[in-house]
Amino acid sequence: MKLTHPQLSWSEQGHPFSEEFSDIYFSSEDPLGESQYVFIEGSKLEHKLSLANNKTFTIGELGFGSGLNFLLCWRLWKKLQPTKATFHYIAFEKYPLDSASHERIFNLWPELKDLSDALLPLLPAPCYGCHRILLHDSVILDLHFGDALERLRTLDKRSGVDCWFLDGFNPRSNKELWQRNLLREISRLSKQDSCLVSYSVAGELRRGLEKFGFSCEKLAGFGRKRHMLRGIFKQAQTTGEVSLANAWNLVPLNKTEGNEVAIVGAGLAGSTLAYSLAGRGVGASVFESSGRMAAAASGITQFALRPRLFQAESPLLEFYLQSYLFTVSQLQQLSDKANLNWQQCGLIQLEQALNKQANLEIERIRDNYPESVIQLLQDSDLQGAVRLGKTEGLFFPLSGWLAPAELCNMLIELSKARLYLDTQIVELRRSNEQWILRDSNQNEYTYKQVVIANSFGATHFSQCEGLSIESVAGQTSTVAGSAHSALQQSVVCGSRTVFPSTTEKEIRHLIAASYRNDSNLNSAQEDDLLNLESARQNFKHRAYLGDQIIESQVGIRSNTADRIPLVGQLPDKDAIHKNYGELSRNARKDFTLDSAADNYWPGLYISAAHGSNGLATCGMSAEILTSLLLNEQLPVSQSVLDEINPVRFIIRALKKQQA
Ligand SMILES: Cc1cc2nc3c(=O)[nH]c(=O)nc-3n(C[C@H](O)[C@H](O)[C@H](O)COP(=O)(O)OP(=O)(O)OC[C@H]3O[C@@H](n4cnc5c(N)ncnc54)[C@H](O)[C@@H]3O)c2cc1C
Ligand SMILES: C[S@@+](CC[C@H](N)C(=O)[O-])C[C@H]1O[C@@H](n2cnc3c(N)ncnc32)[C@H](O)[C@@H]1O
């Protein structure tokens, strides 16, 4: 879902004013002084952060606006730099500013320039959902775009929030935001002694906060304002557990957080995870059956980054779009920091590529994605340059291609993970509250936390039984190009994807890829011919691509029956059967939350079945797993987590009496 930018007017000082809410974003006299006084000093943040060693400190802000409060907090965090600590800032914003307005506002504050310069290029497209931005100094910014109440309601409480900034315009002009229901959600997500600050001292707000467990005090306000408010969360008077999901979807808090993690598989799923964990200071050991990294599907020469598209709003649209945007931003950061050869050349998706599985209508798709993410092909001049056969289609300006093996190698190197090559893990067993990994040479390794990231190889572990993992082989073909194809800049997807040539000297194109319902790694001549024939249909002239097949490569995708990845903690099938067996007699039966205690294997997680979209989905999945492993607040709503939760297959089988 795309969101609208706010309607702004600008004061003589160059400050924004909201036309919808008839209110200012920050003090007209001294923006930095007021924010510093009300939010930073009002919450005693400096003192709190100085005690944050070895912790994740979480702030929730209602009304991200220009990001001023965030920048001030980040500056303070940088100054104090607690050891082995993460600063997690979760902000909610319904009307995100456009990038030009952000830039104009950031220019007001030269003293914050180094931080605002780093943030500006990472600010996301205006789409509904959570945008996770990883910044240096162990800072995570989760920008939840959408109505604050709606977004808060979707979030499960993990570690909880240490401090709240309520900064959503004046309660009189924004009643929609400042409702009691919102305070209920704040209370639900608060840690004991969580601190809340606001410039508003409205009686209704104070009474609401008291009702939901905050003890409030009025403090002297800044400048001409008489008062501001501080509340400390003690205990909600209205207790009672709140369930956001069915009992079997409630993933327990991890009791072994912080320990080194074993990762099985060194493809995109495993390497993105090692990198995410390293960002939080958590070490990983990566076990890989082959003698090199990215030896299987993630070793295909070129991968395109593209989002899976949906024409109706759904948690899946949210997951795929936010994963795609996360990867775009991560690849940009890696190109700047570590010289990754990420070619952000844009991607053309012709109509035939849209309709492989479902009948997608271009106009309905466009309703859900902002122009900065998806454009109509006709609106760009591209088809002229690449001589496309059809002109109906979409253009993704943020997309591009890279060599996935280069990415995997870089991620593992940056993460400083311990790498065990030629080590095939053949068994996982639980003993003394730990996991024992046994390899094919009978060596054993002991860890408290394990993540299975070995694609269809996961089917060999008994803990993955019933997860509906399928393997689909695919072959790429490399062919010679032509004088015309030498001009191709963007990736072109039709019923086959044709990549731009990687060299100027010898023009050649990778064509991806065939689909075979097997796991045979031998290349087949008929796949090459079909690849070439299908690829040619993307273009006006047959001679665009030459006849000669230069080389072929086969890889195996893993997928699930519902074509959605498996990301999350691994359910214990026997426990699920014991706890929810009645679903086979009554598929609609409700269960109480206490039945959820032993649903999942302690410390065992999975990231697999990324299908044909691993480049877009592995990075975000790694962040979701890292947050689960560290009990951080998650970057996805509960409904997204439920869609990718492996438990769905065991529950579905029970309901269909197939267990
Ligand atoms: C031909 C083809 C073209 C594709 N094109 C694209 C594209 O353009 N864009 C895109 O986003 N996606 C594309 N994909 C999909 C993409 O390859 C996958 O989504 C992605 O690579 C999945 O990464 P992974 O780490 O889960 O799996 P893999 O890359 O397969 O990695 C799994 C690793 O686990 C190791 N392993 C297996 N069993 C064990 C064990 N028991 N112990 C230790 N190690 C083990 C394997 O050796 C392997 O290195 C394509 C796939 C194919 C086949
Ligand atoms: C006073 S401004 C915030 C200023 C901001 N904290 C800063 O540092 O610049 C209030 C913000 O709340 C946002 N807002 C208003 N109603 C909202 C709602 N229902 N959900 C989420 N955000 C909302 C507005 O769009 C606006 O950006």
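Colleague: What distance separates the centres of domain 2 and domain 3?
Modeller: Taken over C-alpha atoms, the two centres are 32 Å apart. Domain 2 contributes four residues to the contact and domain 3 contributes five, where contact requires C-beta atoms, placed from the backbone, within 7 Å. The side of domain 2 that touches domain 3 has two nonpolar, two polar and no charged residues. Here Ala, Val, Leu, Ile, Met, Phe, Trp, Tyr, Cys and Pro count as nonpolar, Asp, Glu, Lys and Arg as charged, and the others, Gly among them, as polar.

Colleague: What kind of model is this?
Modeller: It is a predicted model, in which local features need pLDDT of at least 70, side-chain atom pairs count only at pLDDT 80 or more, and totals for chains, interfaces and linings use all residues. Residues are numbered from 1 along each chain as its sequence is written, while chains are lettered from A and ligands numbered from 1 in the order in which they are written.

Colleague: Which domains does the assignment give?
Modeller: The assignment, automatic or from a database, gives domain 1 (8–233), domain 2 (259–296 + 406–465 + 562–655) and domain 3 (347–397 + 470–557).

Colleague: Which residues are closest to ligand 2?
Modeller: Of the 22 residues around ligand 2, Gly63, Gly65, Ser66, Leu68 and Ala148 are the closest. The shell divides into 10 nonpolar, seven polar and five charged residues.

Colleague: Why is Lys44 called partly exposed?
Modeller: A residue is buried with 20 or more other C-beta atoms, placed from the backbone, within 10 Å of its own, exposed with 12 or fewer, and partly exposed in between. Lys44 has 13 such neighbours and therefore counts as partly exposed. Its phi is near 55 degrees, a positive value in a residue other than glycine.

Colleague: How do you know in which class Ser468 belongs?
Modeller: Ser468 has 18 other C-beta atoms within 10 Å, so it is partly exposed. Ser468 lies in the loop between strand 23 (449–452) and strand 24.

Colleague: What puts the buried residues of helix 16 on the same side?
Modeller: In helix 16 (residues 573–580), Lys573, Ile576 and Tyr580 are buried. They cover an arc of only 60 degrees around the axis, which puts them on the same side of helix 16; the arc is that of the directions from the helix axis to the C-beta atoms. On the other side of helix 16, Asp574 and Lys578 are exposed.

Colleague: What makes a set of residues a nonpolar core?
Modeller: It consists of buried Ala, Val, Leu, Ile, Met, Phe, Trp, Tyr and Cys residues joined through C-beta atoms within 7 Å. The largest such core has 181 residues, and Val286 is one of those with the most contacts inside it. Helix 17 gives the most to this core, 10 residues.

Terms used. Helix = DSSP H or I, 4+ residues; strand = E, 2+ residues; numbered from the N terminus. Contact = placed C-beta atoms within 7 Å. Near = placed C-beta within 6 Å.
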